[in-house]
Amino acid sequence: MKMLKTLLSSFIFLFVVGNAIQAQTAKTLLTEVADKVKSYDNISIDFKYELKNSDTNSKEETRGSVKLQGDKYVLNLFGGKVLFDGTKIYQISTEDEEITISSPSQEETLTPSNMLTFFEEGYNATMDVEQNIQGRKIQYVKLTPTKNTEEFKFILLGVDKQTKHIYNQIISQSNGSEITITVANFKTNQPLSSTLFQFDKSKYDGYYINNLDE
């Protein structure tokens with residue numbers, strides 16, 4: 001019985017130590033990713049967005065793009081545009097000819113402005129599988145929110161081990177669906193227009209403007 005207890009204690013010790021080492025390794029990798037992102041003046045990304053729901057056996061795919069500079073961004077997705085000038089968010093629907101203006105919410109966890117560094121706070125990180133994708137070694141890190149959230153259960157973050165750039169994000173949602181965002185093109189420090197992140201009302205003559213802050 002004493003031998004059994006000793007072996008059990010050893011297994012528990014190894015399990016705890018193993019998890020601690022794994023968590024530290026994941027944290028180190030994510031720090032390298034965040035530091036790399038923050039070293040760029042701006043980032044331009046073309047990506048594929050995929051939504052799957054196993055319960056309804058449905059699948060939706062589309063392409064999008066985003067340009068980032070500090071907290072500012074311009075996101076093109078689903079035929080519309082979302083612009084953040086550092087103060088206000090402008091959601092522009094060309095189909096409905098409507099513009100919604102609002103202030104950013106403190107409760108938003110995943111936004112274009114933090115999509116490459118969101119993992120720095122509020123998540124427990126552990127190393128997951130490594131995959132060889134088209135000759136690239138992609139290391140996955142599993143991110144579990146430290147606080148309960150109705151949005152999602154966990155996120156798998158795929159990191160290119162050579163470039164330390166994010167390859168994809170797989171978001172397991174609480175409703176059973178899964179969102180995968182895969183980077184198709186990643187460019188940095190591109191020449192950007194000085195007015196790129198400015199909202200120009202004159203370009204949207206006739207649009208209905210819904211200002212949620214008024």
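I count a residue as buried under 20% relative accessible area, as exposed over 50%, and as partly exposed in between. The model I examined is a predicted one.

**Entry 1: Phe-78.** I looked up where Phe-78 sits and found it in the loop between β3 (72-77) and β4 (80-84).

**Entry 2: Lys-164.** I recorded a positive phi for Lys-164 too, of about 65 degrees, and this residue is not a glycine either. Lys-164 is placed in the loop between β9 and β10 (166-173).

**Entry 3: Thr-146.** I located Thr-146 in the loop that lies between β8 (136-145) and β9 (152-160). Which residues does Thr-146 contact, leaving aside neighbours within four places in sequence? I found Gly-122, Tyr-123 and Asn-124. The C-alpha atoms of Thr-146 and Tyr-123 are separated by 5.2 Å, while the two residues are 23 residues apart along the chain. Thr-146 has a relative accessible area of 48% and is therefore partly exposed.

**Entry 4: the nonpolar cores.** I then turned to the largest nonpolar core, which has 36 residues. Among the residues with the most contacts inside it are Phe-47, Leu-116 and Val-141. Helix α1 (residues 2-38) supplies the largest share of this core, 6 residues. Another core, of 9 residues, lies apart from it and includes Val-74, Ile-92, Phe-197 and Tyr-204.

**Entry 5: Leu-116.** Not counting residues up to four places away in sequence, I found Leu-116 touching Val-33, Val-37, Ile-43, Ile-45, Leu-68, Ile-166 and Phe-186.

Methods
Residues numbered from 1 in each chain as written. Predicted model: local features only at pLDDT ≥ 70, side-chain atom pairs only at ≥ 80, totals over all residues. Heavy atoms only, no water. Helix = DSSP H or I, 4+ residues; strand = E, 2+ residues; numbered from the N terminus. Buried < 20%, exposed > 50% of the residue type's maximum accessible area, 1.4 Å probe, protein only. Contact = heavy atoms within 4.5 Å. Core = buried A, V, L, I, M, F, W, Y, C linked by side-chain atoms within 4.5 Å.
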